[in-house]
Amino acid sequence: METGISALFAAALLAGTATQAATLDVAKQRGELRCGVSQGVLGFSAPDDKGEWSGFDIDFCRAVAAAALGDADQVKYVPLSTKERFTALQSGEVDLLSRQTTWTLSRDTDLGMSFVGVTYYDGQAFMVRDDIGVKSVKELSGASVCTETGTTTEQNMADYFSANKIEYKVIAFEKADQTIQAFNAGRCDVYSTDASALYSQRMTLNDPDRFVVLPEVISKEPLGPAVRQGDDQWFKVVRWTLFAMVEAEELGITMESAASLLESGTVAQKRFLGVDNEAGRALGLNPDWAYQVVSAVGNYGEIFERHLGQASALKIDRGLNKLWNAGGLIYAPPVR
């Protein structure tokens, strides 16, 4: 099966070569960035009742548009299922995948795509109704588990339950909304996916307080954006946009302070913002590209807190997603 998938994406890669050669130029000529996102996960990417998108992954799309096009609003959001996401990237339907996708070796080598970095360190967890009295994953023997197809979830469960001799039954669905609806309706005992998505999806359930996320995290799920292979310039534009968001937090540059720091900032802050610094030219960007990013969407910490952290409905602790100098794993090479 893996060989067939690899061949399919290899063919898509060859077919899309002409569109991949200069993604930055194509986006500029088009006047918009096409960004592949989820079909609706609160906190990460979801439309409101007016069709306006918001979330952690959405702000990353906006940050790339700000860096590449000078306007964070020049984005077309393309909602994709887990099954559709890789094909959409390889076919050229989207320029960037910013959609809660786990970085793995096979995805980074077999599918003609490259991950630019990690935006969120996550792990697979389990959610149950509190009235069943389960306090640990190891008490789930004989349970039915709802999950999505085309994700790392099924293999993680197989490995973990086999190692712990736990019997279970998988009930898989193609789309996230189908999965959560089935769980909400009682068609399965357990819902399993990335912990961040569980906290998000719990908010959509009838009486969210009746559901609990179990304490065990059974996998590493480094989530990050991806681009097509074969366009090094675009890869670097997207990667350094992520790094700029992280370094802005470390330098204390916020959405509100960025403009004033052009005049009053330290040498390091001014250099980052593009004052007397032409480093962005090497990426094919304007010198003030990092300023455009931060002034439009804020630094990494601001984006996290706004959509996922204590200022959001989810109130997820940053944990591993704190900066490296605060005990976390978020780290960027110097943006200079």
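Cysteine 188 has a relative accessibility of 1% and so counts as buried, where buried means under 20% relative accessible area, exposed over 50% and partly exposed in between (1.4 Å probe, protein chains only). Cysteine 146, at 0% relative accessibility, is likewise buried. The model is predicted: local features need pLDDT of at least 70, side-chain atom pairs count only at pLDDT 80 or more, and totals for chains, interfaces and linings use all residues. Residues are numbered from 1 along each chain as its sequence is written, and side-chain values use heavy atoms, with hydrogens and water left out.

**Disulfides**

A disulfide is a covalent bond between the sulfur atoms of two cysteines; here the term is applied to a pair of cysteine sulfur atoms within 2.5 Å.

| Disulfide | S to S distance | Angle about the S-S bond | Hand |
|---|---|---|---|
| Cysteine 35 – cysteine 61 | 2.0 Å | -65 degrees | left-handed |
| Cysteine 146 – cysteine 188 | 2.0 Å | -115 degrees | left-handed |

Helices (H or I, at least four residues) and strands (E, at least two) are DSSP runs, numbered from the N terminus.

In the other disulfide, cysteine 35 and cysteine 61 are joined with an S to S distance of 2.0 Å. Cysteine 35 lies in strand β1 (residues 33–37) and cysteine 61 in helix α4, so that pair also links distant parts of the chain, 26 residues apart. Both cysteine 35 and cysteine 61 are buried.

**Aromatic rings**A pair of aromatic rings is described by the distance of the centres and the angle of the planes. Rings of Phe, Tyr and Trp (its six-membered ring) pair if their centres lie within 6.5 Å; planes under 30 degrees apart count as stacked, over 60 as edge-to-face and the rest as tilted. The whole structure holds 16 aromatic pairs. One of them is phenylalanine 56 with tyrosine 120, an edge-to-face pair at 6.4 Å centre to centre with 80 degrees between the planes. Phenylalanine 56 is in helix α4 (residues 56–69) and tyrosine 120 in strand β7 (residues 120–122), distant parts of the chain that are 64 residues apart. Phenylalanine 56 and tyrosine 120 are both buried.

The rings of tryptophan 324 and tyrosine 331 have centres 5.5 Å apart and planes at 65 degrees, so this pair is edge-to-face. Tryptophan 324 is partly exposed, at 41% relative accessibility, and tyrosine 331 is exposed, at 54% relative accessible area.

Phe44, Phe56, Tyr120, Tyr300 and Phe304 form one aromatic cluster. Over the face of phenylalanine 304 lies arginine 318, at 5.5 Å from the ring centre; a charge sits over a ring if NZ of Lys or CZ of Arg is within 6 Å of the ring centre and within 35 degrees of the ring normal.

**Overall form**

The protein has 14 helices and 14 strands. Its radius of gyration is 20 Å, close to the 20 Å that the globule rule gives for 336 residues, so the protein is as compact as a globular protein of that length. The radius is taken over C-alpha atoms, and the globule rule is 2.2 Å times the number of residues to the power 0.38. Along the principal axes, the C-alpha atoms fill a box of roughly 65 × 45 × 40 Å.

Of the 336 residues, 54% are buried. Among contacts (heavy atoms within 4.5 Å) with a separation of 6 or more, residues 24 or more positions apart account for 72%.
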